[in-house]
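Here is a short briefing on one structure.

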Amino acid sequence: MGVVEARQLERDFGAFRAVDGIAFNIEEGECYGFLGPNGAGKTTTVRMIQGLLPRTGGDLTVFGKDIDREPVSIKADLGVVSQENNLDRDLTVRQNLLTYARYFDIEPEVAQSRADELLKFLHLDGKKGDKLSAISGGMQRRLAIARALINGPRLMLLDEPTTGLDPQARHMIWARLRSLKKQKITMILTTHYMEEAERLCDRVAIMNGGKILMEGKPSELVKDVIGEEVIELNLGDENRQAALNRVRALGAAYEMHGDTVYIYNGRHEMLSALVGIGHRSVLHRKATLEDLFLKLAGRTLVD
Amino acid sequence: MQKRLLRAFRMWQRNYDVFKSVYLASIVGNIGEPILYLFGIGVGLGVLVKEVNGISYVQFIAPGMMAAAAMNAAAFECTFGAYTRMMEQKVYEGILATPLSIDDIVLGEILWGATKGLISSGILLVILVAFGLFDAYAEIPLILLNMAAFGIAMSALTLTITALTPGYEFFNYFFTLFLTPMLLFTGIYFPAEQLPKWFYSIFLAFPTAHAVNINRYLFHGGSATMPLWGALFMAVSIPCGIWLASRMVRRRLIP
Ligand SMILES: Nc1ncnc2c1ncn2[C@@H]1O[C@H](COP(=O)(O)OP(=O)(O)O)[C@@H](O)[C@H]1O
Ligand SMILES: [Mg+2]
């Protein structure tokens with residue numbers, strides 16, 4: 001039985017359907033990603049899983065229980081990092097953890113040692129007594145993760161854990177999340193960074209317009225839809241049509257986004273056929289989730 | 001039920017912890033004003049008024065001033081304070097990811113608002129005792145019970161309004177158009193009998209007039225009719241108010 005199971009899950013806001021009949025089954029210990037542009041319905045899905053939003057239709061169970069019926073016992077084993085920080089700004093860094101532990105009815109001594117452990121784990125032990133206004137955005141995000149771990153959750157929900165952070169802060173959070181993965185904590189992560197999904201997720205669901213377009217292992221999805229490699233050609237403004245004709249003559253699948261042509265399953269031999277095509281730059285590389293993402297929904301999916 | 005109360009108490013504790021760290025500023029704000037009124041109006045006007053119903057003017061207004069202190073503290077906490085936690089800082093949202101529910105949070109907020117009211121009115125009582133303006137010592141438990149019940153009723157009412165409030169600016173109207181009349185026309189500064197009956201009866205639909213009547217009865221005795229109606233009002237309005245506040249906060253937070 002899955003940790004989270006959804007069937008025909010729906011959520012309306014007035015006449016607008018934000019989540020439109022999705023199904024998924026998340027296994028114990030896996031990291032499952034919801035990948036999609038803004039407005040795809042990722043946050044709405046996460047909020048339904050955490051029992052914050054009642055669903056409009058369909059089935060949703062967490063740990064085999066209906067979240068709308070048994071929220072208290074389910075939430076006891078959940079750790080949530082919301083998209084928008086909702087840390088307690090009236091409290092210091094360490095107080096945030098201790099106060100949160102109390103909501104879970106954790107003994108004060110246990111809470112204190114756990115809080116100190118988590119602050120160390122997230123490299124915040126130098127900031128214990130600081131006010132939230134005194135620490136950076138990346139640190140606040142790490143504190144939000146520490147807070148979500150205070151009850152030793154079986155399932156973590158991470159809604160865009162690294163959006164808006166600088167690369168260094170992002171890498172630090174990735175490293176922490178990977179080490180949580182090793183501890184076999186089930187994780188649900190939403191993101192619109194392909195790289196993040198590729199690095200962390202065992203499986204991803206690609207969402208758009210409230211629907212899941214595709215689901216699977218990132219590498220397999222990419223391989224099945226795009227192929228192993230991609231040739232990326234940045235074309236100049238002149239002779240674009242002539243250049244496109246030569247690309248077409250290769251007989252490979254390709255797609256154009258902006259002034260860049262992506263040739264899927266682009267093999268090495270093709271490069272020689274493209275000599276003198278009048279490109280600004282050419283890149284022969286491994287196919288990524290980003291290629292899949294671009295291809296799946298074309299221009300409309302990208303915000 | 002016990003677990004429910006424990007969860008609500010967790011919310012109360014959160015507010016208490018924050019209060020502890022800034023408590024001097026809070027106390028000055030909540031209690032400074034009623035003390036100024038007590039002595040400014042009580043002693044100042046007392047020179048002109050001399051006696052009301054056979055007692056000195058400052059003694060006459062003392063029970064009502066206690067209710068006013070409780071009202072201000074509870075209302076302030078459950079408007080500006082609660083709105084900041086609910087909408088600005090998203091504290092409720094953070095807590096909703098724990099075993100606490102909206103009902104637990106709302107009950108905790110109401111109990112906290114009542115606690116603030118009890119602290120403010122309690123300090124005023126201490127001041128009254130210190131200045132020899134109070135002698136009904138046997139009634140102290142009932143007086144505090146009245147202030148606690150009033151604080152709960154007032155907190156539930158103001159939290160309901162907060163859940164419906166579009167933004168901070170609205171609270172200015174609320175304080176001017178709702179709380180100021182509650183101070184002026186509920187028998188705190190002059191006997192309510194001087195008001196037209198129909199006019200005073202509007203105020204009997206809210207908790208303040210009842211809290212004042214009960215407190216004055218406990219301080220100075222007199223007819224028990226209105227205080228008994230007041231007790232009944234509290235008994236009915238508290239559960240209804242808590243229920244309504246929960247419902248409105250839920251509606252505000254869950255689209
Ligand atoms: N409270 C709400 N009221 C109305 N529409 C909403 C509400 N929350 C989300 N939506 C709409 O639902 C859609 C999905 O939103 P969301 O789940 O936040 O997407 P994502 O997290 O993938 O960016 C968006 O079009 C958004 O505008
Ligand atoms: Mg989102």
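A polar contact is a pair of N or O atoms within 3.5 Å; within protein, one must be able to donate a hydrogen and the other to accept it, and residues adjacent in sequence count only if both atoms are side-chain atoms. A backbone N or O atom of Gly41(A) lies 3.0 Å from an oxygen atom of ligand 1.

This is a predicted model: local features need pLDDT of at least 70, side-chain atom pairs count only at pLDDT 80 or more, and totals for chains, interfaces and linings use all residues. Residues are numbered from 1 along each chain as its sequence is written, chains are lettered from A and ligands numbered from 1 in the order in which they are written, and side-chain values use heavy atoms, with hydrogens and water left out.

**Ligand 1**
- Ligand 1 sits between chains A and B.
- Residues around ligand 1 (a heavy atom within 4 Å) include Phe13(A), Lys42(A), Thr43(A) and Pro255(B).
- A backbone N or O atom of Gly39(A) is 2.7 Å from an oxygen atom of ligand 1.
- For Lys42(A), a backbone N or O atom lies 2.9 Å from an oxygen atom of ligand 1.

**Helix pair in chain A**
- Helices are DSSP runs (H or I, at least four residues), numbered from the N terminus.
- Axes are lines fitted to C-alpha atoms over the stretch in contact, and angles run from 0 to 180 degrees between N-to-C directions.
- H3 (residues 93-103) and H5 (residues 137-149) of chain A pack at about 25 degrees, with axes 9 Å apart.
- H3(A) and H5(A) are therefore roughly parallel (under 35 degrees; over 145 is roughly antiparallel, 65 to 115 roughly perpendicular, the rest oblique).
- In contact (heavy atoms within 4.5 Å), Val93(A), Asn96(A), Leu97(A) and Tyr100(A) of H3(A) meet Leu143(A), Ala146(A) and Arg147(A) of H5(A).

**Helix pairs in chain B**
- H3 (residues 57-88) and H9 (residues 207-220) of chain B pack at about 140 degrees, with axes 9 Å apart.
- That angle makes H3(B) oblique to H9(B).
- Among the H3(B) residues that meet H9(B) are Phe60(B) and Met71(B); Val212(B) and Phe219(B) are among their H9(B) partners.
- The axes of H5 (residues 102-130) and H10 (residues 225-253) of chain B come within 9 Å and cross at roughly 125 degrees.
- H5(B) and H10(B) are therefore oblique to each other.
- Their contact includes Ile102(B) and Leu107(B) of H5(B), and Ile242(B) and Leu253(B) of H10(B).

How values were computed
Helices (H or I, at least four residues) and strands (E, at least two) are DSSP runs, numbered from the N terminus.
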